Amino acid sequence: MNPVFEVAALFVQDDGCYTGLENVDCWPESRDARNYSGPYPVIAHPPCQLWGPMAAVNYSRWGGDHNRPGNDDGCFAAALHAVITYGGVIEHPKASRAYQAYGLAKPVGIGWQRSGLHSWVCEVWQSAYGHLANKATWLYYCGTRAPFELNWARPKGSHQIGFQDQRGKARNKPTISGKKASATPVDFRDALIELARGSYI
(Lines give C-alpha, C1' and ligand atoms only; values in the text may rest on other atoms or scores of the structure.)
Protein backbone atom coordinates (compact mmCIF):
# COMPACT_ATOMS: atom_id res chain seq x y z
CA MET A 1 0.00 0.00 0.00
CA ASN A 2 1.43 3.36 -1.06
CA PRO A 3 1.71 6.05 1.62
CA VAL A 4 -0.65 9.02 1.45
CA PHE A 5 1.52 12.13 1.53
CA GLU A 6 0.26 15.67 2.17
CA VAL A 7 3.52 17.61 2.05
CA ALA A 8 7.16 17.11 1.09
CA ALA A 9 10.08 18.03 3.37
CA LEU A 10 13.10 19.01 1.27
CA PHE A 11 16.78 19.14 2.30
CA VAL A 12 16.20 17.37 5.60
CA GLN A 13 18.35 15.03 7.68
CA ASP A 14 18.06 11.28 7.13
CA ASP A 15 17.28 10.75 10.80
CA GLY A 16 15.73 14.14 11.51
CA CYS A 17 12.41 15.21 12.96
CA TYR A 18 10.44 14.57 9.74
CA THR A 19 11.53 10.94 9.49
CA GLY A 20 8.76 8.44 10.07
CA LEU A 21 5.84 10.84 9.62
CA GLU A 22 3.30 9.04 7.45
CA ASN A 23 2.00 12.17 5.73
CA VAL A 24 5.42 13.65 4.87
CA ASP A 25 7.47 12.75 1.79
CA CYS A 26 11.05 13.22 3.05
CA TRP A 27 13.87 14.28 0.75
CA PRO A 28 17.21 13.92 2.59
CA GLU A 29 20.58 14.29 0.87
CA SER A 30 20.38 10.74 -0.46
CA ARG A 31 17.36 11.68 -2.63
CA ASP A 32 18.71 15.07 -3.80
CA ALA A 33 15.84 17.50 -3.22
CA ARG A 34 16.95 19.58 -6.20
CA ASN A 35 15.14 16.96 -8.29
CA TYR A 36 11.78 17.40 -6.54
CA SER A 37 9.00 17.80 -9.11
CA GLY A 38 5.81 17.84 -7.04
CA PRO A 39 3.02 17.41 -6.54
CA TYR A 40 2.90 18.21 -2.81
CA PRO A 41 3.45 21.60 -1.14
CA VAL A 42 6.82 21.74 0.55
CA ILE A 43 8.71 22.62 3.69
CA ALA A 44 12.23 23.42 2.47
CA HIS A 45 15.35 23.64 4.62
CA PRO A 46 18.05 24.35 2.00
CA PRO A 47 21.66 24.38 3.25
CA CYS A 48 22.55 27.74 4.78
CA GLN A 49 26.29 27.60 5.51
CA LEU A 50 27.29 29.54 2.38
CA TRP A 51 24.62 32.21 2.85
CA GLY A 52 25.60 33.43 6.32
CA PRO A 53 27.95 36.24 7.43
CA MET A 54 30.82 33.81 8.07
CA ALA A 55 30.78 32.52 4.49
CA ALA A 56 32.81 35.48 3.20
CA VAL A 57 35.27 35.17 6.09
CA ASN A 58 35.82 31.47 5.44
CA TYR A 59 36.21 32.06 1.70
CA SER A 60 38.79 34.78 2.33
CA ARG A 61 40.66 32.53 4.74
CA TRP A 62 40.52 29.19 2.95
CA GLY A 63 39.55 29.95 -0.65
CA GLY A 64 38.22 27.17 -2.86
CA ASP A 65 35.14 27.27 -5.05
CA HIS A 66 33.33 25.00 -2.59
CA ASN A 67 33.63 27.81 -0.01
CA ARG A 68 32.47 30.60 -2.30
CA PRO A 69 29.53 32.44 -0.73
CA GLY A 70 26.24 31.42 -2.30
CA ASN A 71 27.74 28.42 -4.12
CA ASP A 72 25.24 25.88 -2.76
CA ASP A 73 24.95 23.89 -6.02
CA GLY A 74 21.53 25.34 -6.73
CA CYS A 75 19.85 24.17 -3.51
CA PHE A 76 18.21 27.47 -2.56
CA ALA A 77 17.15 28.06 -6.16
CA ALA A 78 15.54 24.61 -6.25
CA ALA A 79 13.77 25.24 -2.93
CA LEU A 80 12.46 28.57 -4.18
CA HIS A 81 11.20 27.01 -7.41
CA ALA A 82 9.42 24.26 -5.47
CA VAL A 83 7.72 26.70 -3.08
CA ILE A 84 6.59 29.02 -5.87
CA THR A 85 5.36 26.12 -8.00
CA TYR A 86 3.74 23.87 -5.41
CA GLY A 87 3.23 26.12 -2.39
CA GLY A 88 4.71 25.89 1.07
CA VAL A 89 7.50 27.52 3.02
CA ILE A 90 11.29 27.96 3.01
CA GLU A 91 13.16 28.17 6.33
CA HIS A 92 16.54 29.95 6.44
CA PRO A 93 18.51 31.75 9.16
CA LYS A 94 17.93 35.42 9.91
CA ALA A 95 20.01 37.69 7.65
CA SER A 96 20.38 34.98 5.01
CA ARG A 97 22.04 36.57 1.99
CA ALA A 98 20.01 34.28 -0.23
CA TYR A 99 17.11 36.69 0.17
CA GLN A 100 19.01 39.53 -1.48
CA ALA A 101 20.54 37.23 -4.09
CA TYR A 102 17.09 36.03 -5.20
CA GLY A 103 15.26 39.33 -4.83
CA LEU A 104 13.15 38.31 -1.83
CA ALA A 105 11.84 40.87 0.64
CA LYS A 106 13.58 40.86 4.01
CA PRO A 107 11.30 40.56 7.04
CA VAL A 108 10.97 43.62 9.26
CA GLY A 109 9.27 43.88 12.63
CA ILE A 110 7.04 41.15 14.00
CA GLY A 111 4.45 39.19 12.04
CA TRP A 112 3.90 38.27 8.41
CA GLN A 113 4.56 40.87 5.71
CA ARG A 114 3.20 40.44 2.22
CA SER A 115 5.94 40.33 -0.40
CA GLY A 116 3.91 39.50 -3.50
CA LEU A 117 0.48 38.46 -4.69
CA HIS A 118 0.79 35.00 -3.11
CA SER A 119 3.88 35.36 -0.92
CA TRP A 120 4.71 36.50 2.60
CA VAL A 121 7.86 36.74 4.73
CA CYS A 122 8.44 36.81 8.47
CA GLU A 123 11.02 36.39 11.23
CA VAL A 124 10.31 33.86 13.95
CA TRP A 125 12.49 32.75 16.85
CA GLN A 126 12.71 29.01 17.28
CA SER A 127 13.25 29.51 21.01
CA ALA A 128 9.50 30.23 21.09
CA TYR A 129 9.04 26.62 19.97
CA GLY A 130 11.50 25.02 22.37
CA HIS A 131 14.95 25.47 20.80
CA LEU A 132 17.75 25.98 23.33
CA ALA A 133 19.07 29.02 21.44
CA ASN A 134 17.23 32.04 20.05
CA LYS A 135 17.75 30.73 16.49
CA ALA A 136 16.13 33.66 14.73
CA THR A 137 14.74 32.36 11.45
CA TRP A 138 13.32 33.88 8.27
CA LEU A 139 10.42 32.20 6.49
CA TYR A 140 9.30 32.69 2.90
CA TYR A 141 5.76 31.40 2.32
CA CYS A 142 3.87 30.96 -0.94
CA GLY A 143 0.19 30.06 -1.19
CA THR A 144 -3.21 31.17 -2.36
CA ARG A 145 -4.29 31.25 1.28
CA ALA A 146 -2.72 33.71 3.71
CA PRO A 147 -0.48 32.08 6.34
CA PHE A 148 -1.80 31.72 9.88
CA GLU A 149 -0.21 33.58 12.78
CA LEU A 150 2.82 31.96 14.40
CA ASN A 151 4.19 32.29 17.90
CA TRP A 152 5.87 35.69 17.66
CA ALA A 153 7.40 35.58 21.16
CA ARG A 154 11.16 36.09 21.34
CA PRO A 155 12.34 34.38 24.53
CA LYS A 156 16.06 34.47 25.17
CA GLY A 157 17.54 31.01 24.71
CA SER A 158 19.62 29.39 27.42
CA HIS A 159 22.34 28.53 24.87
CA GLN A 160 24.01 30.07 21.84
CA ILE A 161 25.02 28.82 18.42
CA GLY A 162 28.47 29.40 17.00
CA PHE A 163 31.27 31.61 18.24
CA GLN A 164 31.68 32.92 21.75
CA ASP A 165 30.74 36.55 22.34
CA GLN A 166 33.91 38.63 22.09
CA ARG A 167 32.63 41.14 24.67
CA GLY A 168 33.60 38.86 27.56
CA LYS A 169 32.61 35.74 29.46
CA ALA A 170 29.66 37.44 31.12
CA ARG A 171 28.04 37.78 27.69
CA ASN A 172 28.49 34.12 26.82
CA LYS A 173 26.10 31.19 27.17
CA PRO A 174 26.80 27.47 26.69
CA THR A 175 27.42 26.82 23.00
CA ILE A 176 25.64 24.18 20.95
CA SER A 177 26.67 23.01 17.50
CA GLY A 178 26.09 20.26 14.97
CA LYS A 179 22.76 18.46 15.02
CA LYS A 180 21.61 20.13 18.23
CA ALA A 181 22.07 23.53 16.66
CA SER A 182 20.48 22.69 13.32
CA ALA A 183 17.64 20.55 14.66
CA THR A 184 14.11 21.85 14.16
CA PRO A 185 11.98 21.69 17.34
CA VAL A 186 9.01 19.35 16.98
CA ASP A 187 6.49 22.13 17.67
CA PHE A 188 8.09 24.31 14.99
CA ARG A 189 8.17 21.38 12.57
CA ASP A 190 4.45 20.87 13.12
CA ALA A 191 3.77 24.56 12.47
CA LEU A 192 5.74 24.40 9.20
CA ILE A 193 3.83 21.30 8.12
CA GLU A 194 0.52 23.04 8.79
CA LEU A 195 1.68 26.12 6.85
CA ALA A 196 2.53 23.96 3.85
CA ARG A 197 -0.69 21.96 4.07
CA GLY A 198 -2.75 25.13 4.14
CA SER A 199 -1.00 26.90 1.28
CA TYR A 200 -3.23 25.46 -1.49
CA ILE A 201 -1.17 26.96 -4.28
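**The surroundings of Gln-126**

In this predicted model, Gln-126 touches Glu-91, His-131, Asn-134, Lys-135, Thr-137, Ala-183, Thr-184, Pro-185 and Phe-188, when residues up to four places away in sequence are left out of the count. Gln-126 itself belongs to the loop that links strand S6 (119-125) with strand S7 (136-142). Although Gln-126 lies in a loop, the residue is classed as buried, because its relative accessible area is 0% and the cut-off for buried is under 20%.

Two of the residues touched by Gln-126, Glu-91 and Thr-137, are also joined to it by polar contacts between side chains: the pair Gln-126 and Glu-91 is at 3.5 Å, while the pair Gln-126 and Thr-137 is at 3.0 Å.

Turning to the chain as a whole, there are five helices and nine strands, and from the N terminus on they follow the order β-β-β-α-α-β-α-β-β-β-β-β-α-α. Of the 201 residues in the chain, 46% are buried, and Gln-126 is one of the buried residues. Among contacts between residues at least 6 apart in sequence, 61% join residues at least 24 apart. The accessible surface of the chain is about 10700 Å², with 53% of that area belonging to carbon and sulfur atoms.

As for aromatic rings, the structure contains eleven aromatic pairs, and one aromatic cluster is formed by Trp-112, Trp-120, Tyr-141 and Trp-152. Elsewhere, Arg-31 is placed over the face of Trp-27, at 3.9 Å from the ring centre.

Methods. Residues numbered from 1 in each chain as written. Predicted model: local features only at pLDDT ≥ 70, side-chain atom pairs only at ≥ 80, totals over all residues. Heavy atoms only, no water. Phe/Tyr/Trp six-rings, centres within 6.5 Å; stacked < 30°, edge-to-face > 60°. Lys NZ or Arg CZ within 6 Å of the ring centre and 35° of its normal. Helix = DSSP H or I, 4+ residues; strand = E, 2+ residues; numbered from the N terminus. Buried < 20%, exposed > 50% of the residue type's maximum accessible area, 1.4 Å probe, protein only. Contact = heavy atoms within 4.5 Å. Areas by Shrake-Rupley, 256 points an atom, 1.4 Å probe, with all protein chains shown as cover. Polar contact = N/O pair within 3.5 Å; in protein donor to acceptor, adjacent residues only side chain to side chain.
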